[in-house]
Structure formats: C-alpha cells, structure tokens
Amino acid sequence: LMAAPDEKACLEEVARLMVIMFNVDRVSFALASGADNYQLIRLWAKKSAAKESVFDIKEANGVWLRPESQQRSWRTQSDRSGSDDSDTPYLSFDLEYLESDTKRPFAGSAVGYCAQTLKEYYSPCTAESPFPPHRVLATHGFDSTLATPIIVNGNKFAGCILTPKAGLDAFKKPDRVLIQDIAALLAANIYSKRLRKQTEESHKMTREMLHSFIPPKVLGKIEGYWDSKMKKAVENLENMPSEVERSTSWYVANADWSEADAEKAEKESRNKRNEIQGKINLIRNMEGNQDDVGVLVHGEEWVDALSPTSRALYAESVKSVCIIFTDIVGFSRICLDLEPIGVMNMLQDLFGRFDSLCDVHNVMKLETIGDAYICATNLFEDDACYKNARNAAIRALAMAKDMILVTRNAQIPYKNVPPIGSYETLQIRVGIHVGDITCGVLGQRLPKFTTFGTSVNMAARMEQTSQASMIRVSKDFHDLVGDAETGWMEKSSVSVKNMGTVDSYLLDPINRDVRYT
C-alpha cells in the first residue's frame, strides 16, 4: 500500500487482497463525500481457470511462493494465482470496475451506521437486515455482508470496506478482525495519499505565485549567481594545502589563534557554504516540480533560507534599461463613483490589454502598483537582435504609443450608465527614461523581484510631469531613439523632485503625425 502511487491504486490492492484471502468476488468501497453522503466504488474479480500459472510459483513447506524476480508491478488489471492442491489449476482474475454511484446518503445504510458509531456492521443474514441495500443483496445470492469502517487519525470516518459473500454467517470473528486490520492500513495510506495530493496542489499554487512575482528568467539568473558562488567556495577549499585538513579556511589554518577560535571560524566558514547551497536548492524548488512535496509551503528550508538575518537571494546591476511608467489620469476621481468590484474589473481589463502588448513588443512587465503599470526593455533579453540599446528604446516607445491607443478603448464602468454614445474612456500618462538600474529579489514572505535606482526614479518623474494621452521622455532616451521618431514637441525643462531641472520631450501619439524610419 505504501508503494501505491495514488488512492485508486490503494483501493485496487486491498480489493485483490480481499479476493485472495476471503474468496469473495466483489469488494466495494464507500468513501465519505461530505457530512451526509458517500461515494460508492465497486470492483469485481473476473475469475478464470488457467492451465498454467502466469507466475512461476513453487511450493516450499506447503506454502506457495512467487520468486522476487517476478514481483507484480502496479497496474489496473493484475493476474493472481493460487492452488487448492497440486492437481488444481491456478486461478487468475482481473479487476473490473462496476457501475458506481457518485453520491449516496448515509441515512438508512450500514455506511451511515459505521459513520455514526465508528464500528463495523456485520449482517450474517442479509435477508433479515434492517437496511434495504442488504436485502437487495440477498436476492442476488449474497447471504452475508460486512461493513468495516475506514478510520483515519483515530476518530475521523473516511469510509467503509463493503464485502458481500455467499453463505449464511460467512465471516467468522478471525476474518472480521483481519479485515479491520486491513481497513486500518488502508486508512493510513489513504490519509497519506490525500495529504500528499493536497500538498502538491498547494506547492503548485505557491510556485505559480512565486513565478508571478519573480519572472522565470530572473529565477535562472538567481540560480546561476548562487551556483557560481558555491563553485568558488568549493574551489577555494580544494586549493588549500594538503597538510591543512581540519580547517576550511587558509586564513584560519595559518592564523595564530587559539583552538577554540579556530574551530569557531571553521564552523562559520562551513555554515557559509551550507547557506549558499540552501539558497540554490530553494531556487531550484521554485522553478520546477519537486519530489519532496511541501518544502516551499511547510518546510524549514524556506524559513531558514529567508530568515530575518539572511542576505538577499539575488541582486544585480543592469545597464541601459528602458523603464516605462504609466498611470491613469483622474483615477481617484473615477474610483469615487465605482463599486470596488467595478474598479478591479476596470484595472483587470486595462492591464490585460497591456500584458498582451508586452508579448507583441517583447517588453518585460515588472509590476503594477495601484493604477500604475511598470515595464521595461533591455532587461534580461536573450535574443541577440534585442541587445542593442537603441532597438530596445524604439520598442519601448512603440509600446508606450500602443498603451495610449488601447487605453482609449477601455470604458469607465460608471454606476450611473450614461446615454448611448457618450461613454467616457480612460486616459493614461506615460514616462520613459533609459539608464542603469539595480534589481533583485527582496522579501521574506511573498518574495518579489524589484528594480530601483536613480533611473527608475527618473522614469517615474517623467510620468508624473507628463500630460493626458502623452509620453514624456528624458533627454537621454530622446537622444538614444534619434531620428527613429520625428514627432517630438519642442524640448522643455521640467522641475523634478530631488533632481532639480531636467530636459525632456513630449510626444502626442494621437494628434501628431508619428513616423518611423
């Protein structure tokens, strides 16, 4: 049962065991489905006489054995062999699923009795049973039936093993005790399989959440960053003189320290390598499936790797990144006349349009903050044709233009619907700057990829001083684009908080003749 891959395989294995041990041809499982109902799963052992055994079974001291080399693998249908005596042909059977019910009430059934009392219900004569399903079994030749509860954690009812059999009082006391033991083993394995499934689903959701906060390309760079540090630490250890065996640091080995100080420094060096390896393992768990379910959600590795005293998972400086900031004009005023769900639906519609544009222009979405949408080009781009800063700037400008255009199609869902033909649409401001940034992953809970630095602040200031449905860019960005755009308004100086007066350019993609070279 422990080796069974899932709950279904556990039920099939128990059914095979019951068929062989108790000479029954039907085994049913009533699995609790809510507080008042259960699901009925019925299996039938389709028996057939065979002249030769599928398995090479031989007798040893009166016991029939199967060699280890021919152990059964997991499968839905499996052959079994047995013998009454040396002259009787082996018996093989296949398990088949009969029509099952997805929902039956506990009330008026032996399953309900077991659920209420957590005790077995044995009917030695089904014709006289108080439960109608048992009396129906009697008409089909099943004179006895046994309902054995499946109990997890000692007091939680998970279902029943239902075993009908021909013959009055067909299950003796030893048989019933043995079936109770089988039910207990099944309960433990069902519980572990369900817990594993829930943990896998939880882990999958956690991974998807992490990927929504940390782009996949960033995860790869993080792993490479820490992997290189790990290799460097190992190389340093391998390059130490051979006579220094007890120390992990050349400095520790050669310094004139006391024994206690040397051991302390050695331990710190060893902990440092373990910390690096732990972070590598953490990042690898973020990227794909993991065999040890629940590590990201419940494991200590997550807490240890992101403890309050730990260092950041990853940080890097990137040159010539084009940062695009946008926000909605009059957003606070619009929200006053909308229900909360209306605000969220409006933002979902708009940001969904922007996400599609990111795919069109190969732009990397960074984050949304309230009504602000932030994205970038020339950040972790692998394609060689996109590594040129000027090409990245041209794509960023094309993205900004399309963002303004698609925003004009996004309607404001006011509670008081205006007359037909007078719908008001959203407008955004856009700001762009190009420069060097610092980026990394921060946070202990919900770790998040973030960018910061003077260039990011400048892009935000460009957006704040822009106008409705217009793009304001810094002089650096304007000069980088060059003659690829000729629709600029005249250069103007704007006062930027904490940065003084800077030169900038405005572009109106709607009312200007926009041309590309």
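This is a predicted model: local features need pLDDT of at least 70, side-chain atom pairs count only at pLDDT 80 or more; totals for chains, interfaces and linings use all residues.

Residues are numbered from 1 along each chain as its sequence is written, and side-chain values use heavy atoms, with hydrogens and water left out.

Stay with the cysteines and zoom in on Cys 114, whose sulfur has its closest cysteine sulfur in Cys 160, at 3.7 Å, which is too far for a bond. Cys 114 is also buried, with 0% relative accessibility, where buried means under 20% relative accessible area, exposed over 50%, and partly exposed in between, using a 1.4 Å probe and protein chains only.

Rings of Phe, Tyr and Trp (its six-membered ring) pair if their centres lie within 6.5 Å, and planes under 30 degrees apart count as stacked, over 60 as edge-to-face and the rest as tilted. Select Tyr 122 and Phe 171, whose ring centres are 6.2 Å apart with planes at 85°, so this pair is edge-to-face. The two residues are 49 apart in the chain and link distant parts of it, with Tyr 122 in strand S7 (residues 121-123) and Phe 171 in the loop between strand S9 (156-165) and helix H4 (173-213); helices (H or I, at least four residues) and strands (E, at least two) are DSSP runs, numbered from the N terminus. Both Tyr 122 and Phe 171 are buried.

Now move to Phe 351 and Phe 354, where the ring centres are 6.3 Å apart and the planes lie at 35°, so the pair is tilted. These two residues are three apart in helix H11 (residues 340-361), and about one helical turn separates them. Phe 351 is buried at 10% relative accessibility, and Phe 354 is buried at 0%.

For another aromatic group, select Tyr 38, Phe 106 and Phe 157, which form one aromatic cluster.

Finish at helix H12 (residues 389-407), which has 19 residues and reaches 27 Å from its first C-alpha to its last, close to the 27 Å expected at 1.5 Å a residue, the expected span being 1.5 Å times one less than the number of residues.

Notes:
A disulfide is a pair of cysteine sulfur atoms within 2.5 Å.
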